[in-house]
Amino acid sequence: MPKALVETIDSHHRNLLRALDRVEALVRTPTSRDQFAAAIEAVRRGLLGHELTAERFVVGPLCDLRLLVHGELDALGAELAHLSEEAVRLAVGAPDPEAIAAFLRDVRDHIERKTRAVGPAARAAAAAGRLPAVPRWYVEEVYAQHGDPDARPHEEWLG
């Protein structure tokens with residue numbers, strides 16, 4: 001993968017893992033329902049933004065190259081939808097530490113399965129120069145639209 005794309009997607013991945021860590025820390029401390037809701041919503045948005053950005057710039061091109069197994073991707077897509085629904089349920093309900101811990105484990109497991117499903121094909125396509133070069137600012141714009149409500153739009157000089 002072009003270096004900017006790899007670094008940007010890796011940055012989104014690290015942000016998502018930090019959001020998971022923040023929720024885990026909240027489970028261990030006295031926390032209000034609003035704090036839990038905001039932290040879980042941050043995980044949900046980060047997961048969706050990360051997944052949709054990766055889908056657009058990595059998974060989509062890999063599918064076009066016929067380098068991925070669609071059945072596995074379909075299962076991961078259904079799992080993502082379930083995780084998003086679970087996040088909403090947890091965010092609006094009473095904080096249940098056991099349910100939150102199970103949700104966080106499921107998110108981490110999903111991320112690992114997605115990495116195993118896409119990683120080898122992405123590395124092979126990148127090494128062969130078969131993935132498109134995408135400017136970092138554009139990847140960040142797409143991610144911000146889906147996963148980061150506080151992100152400021154990037155400005156690219158066009159003149």
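Student: Where does Arg66 lie?
Tutor: In this predicted model, Arg66 sits in the loop between α2 and α3. Its phi is positive, about 60 degrees, although Arg66 is not a glycine.

Student: Why is Arg66 called exposed?
Tutor: Exposed means over 50% relative accessible area. Arg66 has 74% relative accessibility, so Arg66 counts as exposed.

Student: What makes a set of residues a nonpolar core?
Tutor: The residues must be buried and of nonpolar kinds, joined through side-chain atoms within 4.5 Å. Buried means under 20% relative accessible area. The largest such core here has 22 residues, and Val23, Ile40, Val43 and Phe103 are among those with the most contacts inside it. At least two residues of this core come from each of α1, α2, α3 and α4.

Student: Which residues does Val23 touch?
Tutor: Leaving out residues up to four places away in sequence, Val23 touches Ala39, Ile40, Val43, Ile100 and Leu104. Another core, of 20 residues, lies apart from the largest one and includes Ala54 and Ala117.

Student: How do you know which residues line the largest pocket?
Tutor: A lining residue has an atom within 4 Å of a pocket point. The largest pocket has a volume of about 520 Å³. There are 21 lining residues, and Ile9, Asp10, His13, His50 and Thr115 are the closest to its centre. Two or more lining residues come from each of α1, α2 and α4, and α4 gives the most, with ten.

Student: What classes of residue are in that lining?
Tutor: The lining has eleven nonpolar, four polar and six charged residues.

Conventions:
Residues are numbered from 1 along each chain as its sequence is written. This is a predicted model: local features need pLDDT of at least 70, side-chain atom pairs count only at pLDDT 80 or more; totals for chains, interfaces and linings use all residues. Side-chain values use heavy atoms; hydrogens and water are left out. On a 1 Å grid over the protein atoms alone, a cavity is a set of points where a 1.4 Å probe fits but cannot get out, and a pocket is an open set with protein on both sides within 12 Å along at least five of seven lines; lining residues have an atom within 4 Å of a point. Grid points are joined across faces, edges and corners, and a volume is the space filled by probe spheres set on the points. Helices (H or I, at least four residues) and strands (E, at least two) are DSSP runs, numbered from the N terminus. Ala, Val, Leu, Ile, Met, Phe, Trp, Tyr, Cys and Pro count as nonpolar, Asp, Glu, Lys and Arg as charged, and the others, Gly among them, as polar. Buried means under 20% relative accessible area, exposed over 50%, partly exposed in between (1.4 Å probe, protein chains only). Contact means heavy atoms within 4.5 Å.
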